[in-house]
Amino acid sequence: MDKLIELLKTNARLSDPELAVMLGRSEEQVAKDIRELEERGVIRGYSAIVDEAAYDPDLVTALIELKVTPQSQSGYDEIAATIAAFEQVESVRLMSGAYDILVSVTGSNIREVSRFVAENLAAIDAVQSTTTHFLLKSYKVNGLTIGFEDKDERGWITP
Amino acid sequence: MDNTVIDYDKVLSQRIKNIKPSGIRKYFDIAESMEGVISLGVGEPDFKTPWVARREAVRVLEKGKTTYTANAGLMTLREECAKYFRRTIGVNYDPASEVVITVGGSEGIDLTIRSMISDGDEVLIVEPCFVCYDPIVSLCGGVPVAIETKAEDDFRLTAEELREKITERTKLLVLPYPNNPTGAIMKKEDLEEIAKVLRGTDIMVLSDEIYSELTYSGEHVSISSLEGMRERTVVINGFSKAFAMTGWRLGIAAGPKEVISQMLKLHQYAIMSSPTVSQYAAITALRECGDDVRKMREEYDMRRRYIVDAFNKLGLSCFTPMGAFYVFPCIKSTGLTSGEFCEKLVYSKKVAVVPGSAFGKCGEGFIRVSYAYSLSHLMEAVKRIGEFLKELDNDR
């Protein structure tokens, strides 16, 4: 992977001058490379990595497996678009294996998420079944370890 | 008479008593006594040993391979080491008679010095440098002679400085490049100048190349690869830095068989053989972990560029190191000694770095900063050092 993408994936707040120094490129080149990645749709946006449990312990995230009937014209795309349109939905992915679509949803409590699954997702005609998994704890998110201390055991000073 | 009283002062060797304790202990104790210290003081990789090498260690443990190996190390490992030297520095060593697997690079250094040095022999030590050469030479009754390198020479050893220090009693030159603490390297043309001085003499070179894989501009060159120098050089390398295997305690010493055979005697009596499980893991490391080494080097390189730029921007002029994982910024502009700088920094901003003076007199006026840390850790430390410098300025 391009080192630039790697760096931005772990810290999107690095400035162009910082990126330029780290990569050994000029600032102008870095700005141009980022613009190109954005225009090509490789970089779609920049977001913070949030430990939701630390932000609000009541927040609930669920991963919902959906079995769906593909549509004759559009296959899975139209169903996926319908699901993606709900603002509670954080991600929608087509999967290989025992089910078809994996949806992640975050709500302020379990009842809210359950109601969303029953009333919004299960109610879609093409959805045959849903299996909901509530997330208990996150240990690593976007390449960053959270929820436990990754202790440096090397001591303070060695020759 | 009280049978429980013994005069340890009479018992202990005068030579060992004369050795000064390490100069960094004090800073370690300060850092340890405080909460929330972030360190840039460590001389070992922050990466874990590549997974395949760890898995191999687990495998051999499960198979119960827990006996001694041959004194010089597993033959397969010595063969892999010989191949490694051939492909990285272009020098051929006979795995049967010219390679010893040691307990870290440190033991290789100890064996080399103890095999050559006796009372009154002079050993030229290029400073600033790692802390162990001087005491080992002194323990042998030898005389450590420092050759001080300078920032304006990019901390390289020059032929003139070498020539000036050579006397009839000179037996050994310790050449530690890529260098801890400066990050300096010696290019082929620099080494050629040194070789010119040494060819035709009876002076040996201990070339400590433990950081050879961490070279950021071109390929690492070993002095042993130059004409007439293989005969005069013991190459020390190992697994600690390149493969992030510090805790496995495994190094390599390679050189002419006349020297290696004497070193092997010492190794045999003092150590027996290097850790067996580590040796198996090292075979895997040499065979399969080239890609991991490259990735770690790229990561260090990125941090190196960041940290050099950051120090220069803070106004602490910093020569651009081309090897190892240290930068060595000059702190003379603050008016503090390096010891004072480090002590104030850790007390006021809780950042631990090592005073340059711990690595030889000419390291005074510099600090050693390790970048074997994540970028986010480095950025936080740089921020704190920036605040510290501003406060120093305001106080003046």
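Here are legends for a few close-up views of this predicted model.

Before you zoom in, note that residues count from 1 along each chain as its sequence is written, while chains are lettered from A and ligands numbered from 1 in the order in which they are written. Local features need pLDDT of at least 70, side-chain atom pairs count only at pLDDT 80 or more, and totals for chains, interfaces and linings use all residues.

**View 1. Helix H3 of chain A and what follows.** H3 covers residues 27-39 (helices are DSSP runs of H or I with at least four residues, strands runs of E with at least two, numbered from the N terminus). Its 13 residues should span 18 Å at 1.5 Å a residue (the expected span is 1.5 Å times one less than the number of residues), and the end C-alpha atoms agree, being 18 Å apart. A:Gly41, with a positive phi near 80 degrees, follows H3(A).

**View 2. The open sheet of chain A.** Four strands line up in the order S2-S3-S1-S4 with antiparallel pairing (two strands pair if DSSP finds at least two bridges between them). S2 (89-94) and S4 (127-134) of chain A each have a single partner strand, so one side of each is left without a neighbour in the sheet.

**View 3. The S2 and S3 pair of chain A.** S2(A) joins S3(A), residues 101-107, through 5 bridges in the antiparallel sense. Look for A:Arg93, which stands opposite A:Leu102 in S3(A).

**View 4. The two domains of chain A.** Domain 1 takes in 3-39 and domain 2 takes in 52-138, with bounds from an automatic or database domain assignment. Their C-alpha centres lie 34 Å apart.
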